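Hi,

Here is the structure I promised to pass on. Have a look at it first, and my notes on what turned up follow below.

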Number of protein chains: 2
Amino acid sequence: MPSRLPAGGRRYVLRATLVFFVASFFAVQKTNFYPVILAGGSGTRFWPRSRRRRAKQVLALDGKHTMIQQTFARLAPLARRQRFWVITNRELQGEIARQLPQLQRAQIVAEPAARNTAPAIGLAAFLLRRLDPQAVLGMFPADHVIAGARRFRHTLARAIALAAAGPNLVVMGVPPSRPETGYGYIEAGERTGDAYRVRRFTEKPSRARAEKFLATGRYYWNSGMFVWSAETLAAALAQHLPRTANLLEEIAAAWGTRRFAAVFRRLYPRCENISVDYGVLEPRSAQGERGSRIYCLPADFGWSDLGSWAALHEHHAASDAARNVIEAAGCFTLDAAGNYIYSPKKFVAAVGIRDAVVVETEDALLVTTRAHAQEVGKVVKHLRATKLEKLL
Amino acid sequence: MPSRLPAGGRRYVLRATLVFFVASFFAVQKTNFYPVILAGGSGTRFWPRSRRRRAKQVLALDGKHTMIQQTFARLAPLARRQRFWVITNRELQGEIARQLPQLQRAQIVAEPAARNTAPAIGLAAFLLRRLDPQAVLGMFPADHVIAGARRFRHTLARAIALAAAGPNLVVMGVPPSRPETGYGYIEAGERTGDAYRVRRFTEKPSRARAEKFLATGRYYWNSGMFVWSAETLAAALAQHLPRTANLLEEIAAAWGTRRFAAVFRRLYPRCENISVDYGVLEPRSAQGERGSRIYCLPADFGWSDLGSWAALHEHHAASDAARNVIEAAGCFTLDAAGNYIYSPKKFVAAVGIRDAVVVETEDALLVTTRAHAQEVGKVVKHLRATKLEKLL
């Protein structure tokens with residue numbers, strides 16, 4: 001399509017765009033941005049590929065790189081590598097250190113006990129507040145996929161600027177494309193610049209409710225990605241989870257000393273086991289649209305939390321016109337459609353089957369359907385109940 | 001159920017039964033019965049388990065023993081082991097020799113070229129006619145399952161007696177239980193003792209025709225198991241396939257000499273490539289019900305040619321009430337029904353899937369449905385066409 005602007009105008013637009021990007025880049029560099037990657041979680045929905053020591057975030061479900069490597073690579077242009085933190089568990093710490101050789105071992109923190117996102121991101125806030133009073137934190141789950149990495153960074157730069165500008169809590173909200181019942185929703189209120197003030201957080205809705213949300217056009221999916229200054233988050237934690245905030249402050253005070261490991265091990269398990277959404281954002285949103293200073297930044301960059309084999313099937317480029325996704329050493333399909341088959345070292349033949357999910361690993365074989373993919377967690381429950389430890 | 005016979009009557013029945021069995025046994029021993037097991041065939045319908053060198057007959061599809069071992073064990077009580085012949089191909093000869101250590105290597109004959117059943121069984125007839133003029137041959141495909149081995153031997157003893165009594169050709173006919181379109185049918189005529197004279201052989205019928213056959217009650221499935229004296233079969237071959245008969249006679253004449261291997265290799269491939277059904281029985285049945293002297297012996301002993309994964313599913317004892325048949329190192333099913341899953345070294349989880357067939361081997365994975373199981377041969381065709389030799 002030929003541009004309708006005269007040459008001078010085009011040049012102007014080009015220059016303005018360039019200036020904007022360069023300015024954003026320096027703004028981000030100036031604001032002391034610290035990405036915190038949350039990589040805990042045991043991962044049951046991708047069984048038999050995901051296991052306790054091979055959770056979803058350390059698997060290459062999508063392409064050559066693992067999800068945590070992709071998460072790191074996506075953020076790397078926005079922060080020096082010394083500024084990254086990864087919060088994970090002991091089962092995964094070693095594997096993550098292997099997968100992210102760019103980071104120092106001390107940057108990969110293993111929780112002594114799983115305590116959900118509020119203590120995890122809170123610990124980062126209290127630590128960073130001591131180390132760098134200007135610190136802006138971003139919280140990023142390690143197991144999401146984002147198709148448009150550039151658009152992601154563009155949106156994130158705005159979120160960082162917004163968080164650096166005051167005691168603002170910024171959540172990245174994804175415009176919903178279907179009445180998904182597996183996500184939390186954010187109700188957007190008053191518009192301010194390219195963000196919205198948040199009116200309300202809503203837990204996973206019923207189908208009917210999700211449809212209503214979509215119809216209003218005012219709701220966004222809660223992506224689980226947040227940006228705020230260390231100061232703002234620490235203050236919010238002190239207000240809404242004071243007991244946990246005190247414990248985290250005590251742990252942060254021991255950072256860099258020989259006592260740290262012992263203090264961390266002793267106090268962290270006493271923190272409340274709660275998500276930052278439930279523990280901080282929801283109660284805070286009760287202070288009203290203006291009072292809470294929670295902002296939703298619409299984030300349209302091909303986000304998916306990749307919550308099941310069916311979601312992975314949808315996300316993947318199909319192997320053929322019949323929407324089969326087959327990861328195999330070779331394959332032959334005949335009258336087969338809509339299948340997800342993973343058997344990377346074998347020749348796969350699919351004949352007359354539809355919408356099946358078949359996943360093969362060294363010691364296990366899952367046979368299910370796309371419609372039943374969200375029930376795969378029940379297999380893991382069964383394995384736990386029957387103490388089939390080596391399959392967990 | 002208590003017997004209604006008085007004690008004396010019960011004793012009489014018992015004694016009569018015993019006398020009958022002992023008499024049958026000696027009758028069989030007297031008639032010089034030679035079982036000929038036909039174990040050629042490349043086996044494509046059980047891909048990926050069946051391969052050129054691991055055809056169906058050398059697989060343990062059903063239980064601990066391979067199909068040819070089961071065939072041998074089923075016949076062993078009726079003939080000394082020196083009297084067995086196995087006719088196979090070069091790909092399978094070594095494996096069969098390993099699986100049947102009871103037999104001498106010379107008893108396992110590899111055809112220099114696949115020539116279907118008429119030359120194979122014919123060769124046995126011409127050889128045996130020279131070695132033992134009283135020989136009665138039975139022809140048994142190595143890849144059928146028979147649930148009732150005792151009833152099988154009982155019926156076979158009668159077939160042998162009938163074949164020894166004159167120039168009779170005896171075919172074992174299975175009472176059909178469904179309008180199967182995958183088998184040939186035999187139309188029974190006049191009853192004579194517990195056998196019927198055969199009126200006609202019919203090729204695999206259409207569904208509608210098969211239904212009509214069933215409705216008449218006069219049709220049997222052609223089991224592919226035949227019994228006749230070496231003399232009778234040799235004469236029938238001379239009449240209906242004279243060129244092949246001459247070649248076979250020449251090969252038989254070289255038996256036991258140093259020339260044999262060369263003669264066999266040179267002449268056998270010149271035999272007609274035709275089944276004994278097409279080449280001998282069908283033309284002979286044109287001589288009329290009495291003239292042909294072909295008899296059908298109803299054979300109700302749980303026979304199946306086990307022609308597909310679906311047939312194997314049907315044949316197998318189900319693992320659970322939902323008719324799943326799962327051969328695995330362990331399994332968990334949830335809302336799954338009617339599946340056949342083979343993955344003997346792995347833990348299998350089946351969730352919400354129905355009527356699927358999943359078969360895993362070291363280098364291949366088949367995913368299909370019971371309804372599509374008969375199309376598995378097309379996978380093998382594809383592998384041949386694309387020269388994926390190592391998967392054949």
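Before the helices, a word on handedness: a crossing is called left-handed if the near helix is turned anticlockwise from the far one by less than a right angle, and right-handed if clockwise. Helices (H or I, at least four residues) and strands (E, at least two) are DSSP runs, numbered from the N terminus.

This is a predicted model, in which local features need pLDDT of at least 70, side-chain atom pairs count only at pLDDT 80 or more, and totals for chains, interfaces and linings use all residues. Residues are numbered from 1 along each chain as its sequence is written, while chains are lettered from A and ligands numbered from 1 in the order in which they are written.

**Confidence and overall form**

The model has an ipTM of 0.82 and a pTM of 0.82. Please be careful with residues 1–5 of chain A, where pLDDT stays under 50. For that stretch the model has three contacts beyond four places in sequence, two residues being in contact if their C-beta atoms, placed from the backbone, lie within 7 Å.

Chain A contains 12 helices and 15 strands. Its radius of gyration is 22 Å, close to the 21 Å that the globule rule gives for 392 residues, so chain A is as compact as a globular protein of that length. (The radius is taken over C-alpha atoms, and the rule is 2.2 Å times the number of residues to the power 0.38.) The C-alpha trace of chain A spans about 65 × 60 × 45 Å along its principal axes.

**Where the chains meet**

How many residues of chain B are in contact with chain A? There are 31, and they touch 31 residues of chain A. On the chain B side, the elements giving two or more residues are β12 (325–334), β13 (340–351), β14 (356–360), β15 (364–369) and α12 (376–385). The largest share, eight residues, comes from β13(B). By type, this side of chain B has 19 nonpolar, seven polar and five charged residues. Here Ala, Val, Leu, Ile, Met, Phe, Trp, Tyr, Cys and Pro count as nonpolar, Asp, Glu, Lys and Arg as charged, and the others, Gly among them, as polar.

**Helix packing**

Two packed helices are described by the angle between their axes and the distance between the axes. Axes are lines fitted to C-alpha atoms, for helices over the stretch in contact, and angles run from 0 to 180 degrees between N-to-C directions. Angles under 35 degrees count as roughly parallel, over 145 as roughly antiparallel, 65 to 115 as roughly perpendicular and the rest as oblique.

In chain B, the axes of α4 (residues 117–131) and α7 (residues 230–240) come within 8 Å and cross at roughly 125 degrees, so α4(B) and α7(B) are oblique to each other. The crossing is left-handed. Among the residues making this contact are Ile121(B) and Phe126(B) of α4(B), and Leu233(B) and Leu237(B) of α7(B). The contact divides into eight nonpolar, one polar and two charged residues.

The axes of α7(B) and α10(B) (residues 276–285) come within 9 Å and cross at roughly 80 degrees, and are therefore roughly perpendicular. Ala236(B), Leu237(B) and His240(B) of α7(B) meet Gly279(B), Val280(B), Pro283(B) and Arg284(B) of α10(B).

In chain A, the axes of α4 (residues 117–131) and α8 (residues 242–254) come within 9 Å and cross at roughly 50 degrees, which makes α4(A) oblique to α8(A). This crossing is right-handed. The contact has nine nonpolar, two polar and two charged residues.

**Backbone details**

Most residues other than glycine have a negative phi, and most peptide bonds are trans. A cis bond joins Trp47(A) and Pro48(A), with omega about 5 degrees, and Pro48(A) sits in the loop between β1 (33–38) and α2 (67–75) of chain A. In chain B the bond from Trp47(B) to Pro48(B) is cis, with omega near 5 degrees. Arg323(A), which is not a glycine, has a positive phi of about 60 degrees; Arg323(A) lies in the loop between α11 (309–315) and β12 (325–334) of chain A.

Best wishes

Notes. pLDDT = per-residue confidence, 0-100.
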